[in-house]
Amino acid sequence: MQLDATIAAIVTGGASGLGAATARRLASHGVKVALFDLNEAAGEALAREIGGLFCAVDVTNEASVDAGFAKARAAHGQERVLVNCAGTGNAVKTASRDKATGEIKHFPLANFDRIIQINLVGTFRCIAKSAAGMLTLEPLADGERGAIVNTASVAAVDGQMGQASYSASKAGVVGMTLPVARDLMGEGIRVNTILPGIFDTPLLQGAPDNVKAALAASVPFPKRLGNPAEYAHLAETMITNGYFNGECVRLDGAIRMAPR
Ligand SMILES: NC(=O)c1ccc[n+]([C@@H]2O[C@H](COP(=O)([O-])OP(=O)(O)OC[C@H]3O[C@@H](n4cnc5c(N)ncnc54)[C@H](O)[C@@H]3O)[C@@H](O)[C@H]2O)c1
């Protein structure tokens with residue numbers, strides 16, 4: 001698919017970090033970009049900057065997602081591109097012991113469910129609704145109707161201590177990539193997933209400098225955090241390279257996460 005002003009795109013989590021970089025990159029080609037995000041202030045500001053549209057969407061909420069697609073499609077027409085970046089993490093051990101008191105701490109299961117709802121079910125909800133819309137489109141010359149990019153994490157494969165729910169949610173995104181691509185193959189919709197390593201986004205910007213330096217030093221090469229623009233570059237490749245389908249790709253400077 002060639003990116004130009006005839007193409008409409010939706011980027012979830014588009015107000016910040018990897019999603020914002022992707023929205024900027026798509027808009028630089030003239031693509032009409034709608035941002036789905038909870039963060040209204042940042043989303044409205046970025047929409048103004050790139051001439052796009054902000055839609056206040058919570059990917060865990062069916063009605064909110066439906067309203068977002070309706071608003072985006074009314075303004076830009078049916079999207080041919082969906083990039084799923086909305087997501088969040090947490091760090092809780094499966095079971096643990098308070099060092100001082102010896103008290104045994106239980107995992108708060110509601111917390112596990114929340115991460116799965118945002119990262120996994122939220123991603124699938126947006127895929128399913130976007131794909132249904134893409135089915136109404138006329139195929140392009142090469143038979144393609146649309147392209148979808150999801151965001152997992154290297155934690156899908158090498159999750160660290162405390163990442164049971166996060167890793168499970170991201171492994172779910174990896175696991176559904178091929179079957180979703182197969183579900184949509186007859187309709188000319190391609191589906192791929194990026195597994196980012198450690199990227200310099202607002203998720204990390206609260207971390208102290210020495211922590212960020214240690215994270216950067218743990219990357220084999222290049223010895224730095226990933227730049228969100230590098231994520232956006234791969235997302236664009238997955239969208240524009242018509243032979244890219246059903247694949248999950250690490251983008252991580254060869255990092256393999258340690259247990260902690
Ligand atoms: N930054 C990294 O190092 C890294 C590494 C691996 C994977 N990831 C994944 O990449 C994605 C983007 O992360 P980022 O680093 O850009 O983080 P970020 O916090 O900068 O951006 C995430 C965006 O998602 C939005 N969001 C969260 N929950 C939402 C919901 N329920 N509905 C709609 N929007 C919601 C947030 O408001 C935020 O704007 C996430 O899925 C994250 O798990 C990030």
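**Figure 1. Burial and overall dimensions of the predicted model.** Buried residues, meaning those under 20% relative accessible area with a 1.4 Å probe and protein chains only, make up 49% of the 260 residues in the protein. This is a predicted model, in which local features need pLDDT of at least 70 and side-chain atom pairs count only at pLDDT 80 or more, while totals for chains, interfaces and linings use all residues. Residues are numbered from 1 along each chain as its sequence is written, and side-chain values use heavy atoms, with hydrogens and water left out. The radius of gyration, taken over C-alpha atoms, is 18 Å, which agrees with the value near 18 Å for a compact globule of 260 residues; the globule rule is 2.2 Å times the number of residues to the power 0.38. Along the principal axes, the C-alpha atoms fill a box of roughly 65 × 40 × 35 Å.

Figure 2. The protein has eight helices and nine strands, defined as DSSP runs (helices: H or I, at least four residues; strands: E, at least two) and numbered from the N terminus. H8 (228-240) has 13 residues and spans 18 Å from its first C-alpha to its last, close to the expected 18 Å at 1.5 Å a residue; the expected span is 1.5 Å times one less than the number of residues. Its buried residues are Pro 228, Tyr 231, Ala 232, Leu 234, Ala 235, Glu 236, Met 238 and Ile 239. They pack against helix H1 (17-28) and against strands S4 (81-84), S7 (146-151), S8 (189-196) and S9.

Figure 3. Asn 84 is found in strand S4 and is buried, with a relative accessible area of 2%. Contact here means heavy atoms within 4.5 Å. Leaving aside neighbours within four places in sequence, Asn 84 is in contact with Thr 12, Thr 123, Cys 126, Ile 127, Ile 148, Val 149, Asn 150, Thr 151 and, from H8, Tyr 231.

Figure 4. Most residues other than glycine have a negative phi, and most peptide bonds are trans. The bond from Phe 221 to Pro 222 is cis, with omega near -5°. Pro 222 lies in the loop between helix H7 (209-217) and helix H8.

**Figure 5. Ala 254 after strand S9.** Ala 254 is not a glycine, yet has a positive phi of about 70°. This residue is found in the segment after strand S9 (248-251). At 42% relative accessibility, Ala 254 counts as partly exposed, the class between buried and exposed (over 50%).
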